[in-house]
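Here's a quick briefing to read with the model open beside you. Have a look at the fold first, then work through the notes by topic.

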Amino acid sequence: MENIIQLKQVNKWYGDFHVLKDINFEVSEKEKVVICGPSGSGKSTLIRCINRLEEHQKGEIIVDGMTLDENTKNISAIRSEVGMVFQQFNLFPHLSILENCTLAQIWVKKKTKKESEALAMDYLKKVQIDDQAAKFPGQLSGGQQQRAAIARALCMEPKIMLFDEPTSALDPEMIKEVLDVMVDLAKGGMTMCVVTHEMGFAKEVADRVVFMDEGNIVEAKKTKDFFDNPENERTKLFLSQIL
């Protein structure tokens, strides 16, 4: 399998704080990778660098053959292939769910309203909230809003989906409905990078699990190996607290 995402010796600082330290990380096409670790370990920053929501200062990031640098054309091209789902749903509160899903299609992909609405309804159906299309985000539960956010990202027909702690702002009973959508997406062959503490999801879906701490990738292994035979003491401690 070819690597669709490659990070080589990537470093990032916030002022004096060294948040990513010589990160080497790759994801091959159709692979599902879960990134876990304690708060402040750099995992969200890592995936936000993949579509330039955060700028890295050193090293190289290549996404689908394109180098992520100052070139704004490349940034736009990469963003059109990389879907992102955040912890907070980031839906526009003044637009209906359907309008949230069609906006970027119309503006970025230059689709007609009719085309974009048809595709949006397909994806809203896929995440099982097509009956909520006319409502506004504030009228939906947190779980429904997050599913709408996933549908919105899918409407751009990305090659890669990035998830930044997509369930951490949800009530426990809503977590499962969002994870179910993500499991379906994974089974459909989508390339996925997921920052999450949901270890059950990692066991079910991930091909590999990456553990980060203090800006470093401490351990990266095939999923079964990661849970059954963690080598690093820091990984063992983390798993003992979370499992």
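What is the order of the 4 strands in the open sheet? The order is 2-1-4-5, and the pairing is antiparallel. Before the details, a heads-up: this is a predicted model, where local features need pLDDT of at least 70, side-chain atom pairs count only at pLDDT 80 or more, and totals for chains, interfaces and linings use all residues. Residues are numbered from 1 along each chain as its sequence is written, and side-chain values use heavy atoms, with hydrogens and water left out.

**The sheet**

- Helices (H or I, at least four residues) and strands (E, at least two) are DSSP runs numbered from the N terminus, and two strands pair if DSSP finds at least two bridges between them.
- Strand 2 and strand 5 (66–67) sit at the edges, each pairing on one side only.
- Strand 1 (residues 3–14) pairs with strand 2 (residues 17–28) through 8 bridges, in the antiparallel sense; Val-10 stands opposite Ile-23 in strand 2.
- These two strands make a hairpin with 2 residues between them, and Gly-15 in the turn has a positive phi of about 60 degrees.
- Strand 1 also runs antiparallel to strand 4 (residues 58–63), joined by 5 bridges.
- Across that pairing, Lys-8 has Glu-60 of strand 4 as its bridge partner, and Ile-5 stands opposite Val-63.

**Pockets**

- A pocket here is an open set of points on a 1 Å grid over the protein atoms alone, where a 1.4 Å probe fits, with protein on both sides within 12 Å along at least five of seven lines; lining residues have an atom within 4 Å of a point.
- Points are joined across faces, edges and corners, and volume is the space filled by probe spheres set on them.
- The largest pocket comes out at about 530 Å³. Of its 20 lining residues, Arg-79, Val-82, Met-84, Ala-104 and Met-156 are closest to the centre.
- Helix 2 (72–81), strand 6 (82–85), helix 3 and helix 5 (142–154) each give two or more residues to that lining, with helix 2 giving the most, 4 residues.
- That lining has 11 nonpolar, 6 polar and 3 charged residues, counting Ala, Val, Leu, Ile, Met, Phe, Trp, Tyr, Cys and Pro as nonpolar, Asp, Glu, Lys and Arg as charged, and the others, Gly among them, as polar.
- The second largest pocket has a volume of about 330 Å³. Its lining has 17 residues, and Leu-154, Leu-185, Gly-188, Gly-189 and Met-190 lie nearest its centre.
- Helix 6 (172–187) and helix 4 each supply at least two residues there; helix 6 has the largest share, 3 residues.
- By class, this second lining splits into 8 nonpolar, 3 polar and 6 charged.

**Salt bridges**

- With a salt bridge taken as a side-chain nitrogen of Lys or Arg within 4 Å of a carboxyl oxygen of Asp or Glu, the count is 18.
- One of them joins the side chains of Glu-31 and Arg-208, at 2.8 Å, N to O.
- Glu-31 is in the loop between strand 2 and strand 3 (32–36) and Arg-208 is in strand 9 (residues 208–213), so this pair ties together parts 177 residues apart in sequence.
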